[in-house]
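Hello! Here are some notes to read with the structure open beside you.

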Amino acid sequence: MSQIHLLSPRLANQIAAGEVVERPASVVKELLENSLDAGATRLEIDVEQAGIKLIRIRDDGDGIEKDDLPLALSRHATSKIHELEDLEAVASLGFRGEALASISSVSRLTLTSRRLASEHAWQVQTEGREMSAQLSPAAHPQGTTVEMRDLFFNTPARRKFLKTENTEFKHLEEIVKRLALSRFDVAFQLKNNGRIIHQLKPALQKAEQERRVAAVCGPAFVEQSLHVDMNAEASGLSLKGWIGLPTFSRSQADLQYFFVNGRMIRDKLVTHAVRQAYADVLFHGRHPAYVLYLELDPSLVDVNVHPTKHEVRFREGRLVHDFIFRSIHRVIGDVRPDAASVPALQELASAAAPVEQQFNQHYMPLHQSREVSGVNEQLASYGQLHQNRSFSSPSSSSDGYSGRGSLSQAPAVDASEIPPLGYATAQLHGIYIVAQNREGMVLVDMHAAHERIVYERLKQACETEGVRSQPLLVPVSVALSAREADAAEEFDSMFKKLGFELARMGEETVVIRQIPVTLAKANVEQLLRDVLSDMLMFGSSRRLEEHMNELLATMACHGAVRANRQLTIPEMNGLLRDMEATERSGQCNHGRPTWTQLSLTELDKLFMRGQ
């Protein structure tokens, strides 16, 4: 083995560049973050050949002092932290002091800057050879311009790993999009080969911010998204932004932007929390879309995890996970036809109380191992309740239905009292309910809608009555690691709340003595292992609740009204009113939509009316 020796500054910087500078997009990210930390309000990004030939970034920030310019290109030189306490509560995007040194080691770099109080600007150049910086005066307005040419010109092996120009530019454009979403108060301009690709003005008002989100994520996302604005004063957490409706799901996780204190991150804990919040409403194999901003005390998050700063570590991971889950779950739970502007709905809701009572009488208690029953009685109660109300069609027959697929006369009611889903006029092929509201026509999948209604009521009843447990005739002994057994002992109170009784019988052995009735046929040993795995990774787990919910969803599916079941007009109207009062009624238990709206304008276009 050869003797130990110190690496040259150039080689050390090129090794560091292997972690920081992967492609032109990495260079743009590091330089833009420096500009934002310098207080820039306008950023101009000009690239050629997707940044391989040229990257020029100009800002109007604070600028750099003349004497600091050569030092700015040195390794581990920064103005953002001074001591260990600063590192434990980083409030800036950059702090490691490696970016400029790494970039200058693999390219020809020119840095020009001027402070507000300076008479003129100064420029420093380096070409990645001996790392000697050349300082000279220059003409430049307040701010800084960084010009990087010929990326990897002195490391041809790394240049071979770059993809096509089109691919590299897509990566670079994605970086600009992320930072544009992180700072609405900053203007961004991106040019490629002299052509303007993005021109984003500052967005201070909510409407302007939504326009920027639409420019980055597409107008369809904004049109089909929900606004999130949650605060937890006790823990100092805040979550804001937009989440896509469950029906606006993606085949890939390509429209997911999450920012922590303005920093774009990709974190398993965050992804897991969001995924769980969408568990009941997302179609199998689909991914949610979101643009979310989490604000918390910088001391509660460690950003010094990886040189690229994409990963973070939360000091209170379980607290953050639960807050994100609860916030998104609550917003999704409120998705239903908008009833805020309909005065008559309060009267309808109070009149529907007897239906609720009759419904609960017809359904079996959850702790009994029987399928949901009482569909016929519930629908009959709809008819009794709504038969004489104003939205019952005066032309319908005594049973309120005039034959399969036939149409009834639209109810004559005051337009101001029409509920969001309107009033039923017919049943189509025994599958769909045709209704009329203010905007036009509503089509409802009656089985999917009723399935969601029954499912939400079963969950509510389960929470109210609690989880019924049964002791095992032969307790199940489970061999675990010592770490997993410790977690089972630590979270014993949570397991008891969910109907489990566990006992630790050794350093690596846990015995299951009691389980919930609803999980009598489940593989409880594997379920326990999965739950403990989640707890060790994320600080919490909802696998038990999800497993129980799967059983409740099956019961709701069997108990919901089936296709080809002929409903009367009052029964259909009763179902519509229940949809308006039920959480997540826009999707069935499997994530499929339960209803859709066709406006009069859309209908007119179909038939070319007015053209």
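**Notes on contacts and burial**

1. Asp254 has a relative accessible area of 39%, so it is partly exposed; here buried means under 20% relative accessible area, exposed over 50%, and partly exposed in between, with a 1.4 Å probe and protein chains only. Its salt-bridge partner is Arg250, with N and O 3.1 Å apart, and Arg250 is likewise partly exposed, at 28% relative accessibility. A salt bridge here is a side-chain nitrogen of Lys or Arg within 4 Å of a carboxyl oxygen of Asp or Glu.

2. A word on the ground rules: this is a predicted model, in which local features need pLDDT of at least 70 and side-chain atom pairs count only at pLDDT 80 or more, while totals for chains, interfaces and linings use all residues. Residues are numbered from 1 along each chain as its sequence is written, and side-chain values use heavy atoms, leaving out hydrogens and water.

3. How many salt bridges does the structure hold? The total is 27. One of them joins Glu65 to Arg115, whose closest N and O atoms are 3.4 Å apart. This pair links distant parts of the chain, 50 residues apart: Glu65 is in the loop between β2 (54–59) and α3 (69–72), and Arg115 in the loop between β3 (108–114) and β4 (121–126). Helices (H or I, at least four residues) and strands (E, at least two) are DSSP runs, numbered from the N terminus. Glu65 is partly exposed at 38%, and Arg115 is partly exposed at 30%.

4. Now look at Glu456 and Arg584, which meet in a salt bridge of 3.4 Å, N to O. Glu456 sits in helix α15 (residues 446–465) and Arg584 in the loop between α20 (569–581) and β22 (595–599), 128 residues apart. Are these two buried or exposed? Glu456 is buried, with a relative accessible area of 10%, and Arg584 is buried as well, at 3%. Both belong to a salt-bridge network that also takes in Asp280, Arg452, Lys459 and Glu583.

5. Helix α10 (residues 268–277) is largely enclosed by the rest of the structure, because seven of its ten residues are buried. Among them are Leu269, Val270, His272 and Ala273.

6. Strand β6 (residues 143–149) is mostly covered, with six of its seven residues buried. It runs antiparallel to β2, joined by six bridges, and antiparallel to β3, joined by seven; strands pair if DSSP finds at least two bridges between them. Opposite Thr145 in β6 stands Arg58, and opposite Gly143 stands Arg114.

7. There are five aromatic pairs. Rings of Phe, Tyr and Trp (its six-membered ring) pair if their centres lie within 6.5 Å; planes under 30 degrees apart count as stacked, over 60 as edge-to-face and the rest as tilted. Phe184 and Trp242 are edge-to-face, because their planes are at 70 degrees, with centres 6.3 Å apart. Phe184 is buried at 11% and Trp242 at 4%. Together with Phe259 and Tyr293, they form one aromatic cluster.

8. Finally, two charges sit over rings, meaning that NZ of Lys or CZ of Arg is within 6 Å of the ring centre and within 35 degrees of the ring normal. Lys66 lies over the face of Trp122, 4.0 Å from the ring centre. The charged end of Arg108 sits over Phe153, at 4.0 Å from the centre of that ring.
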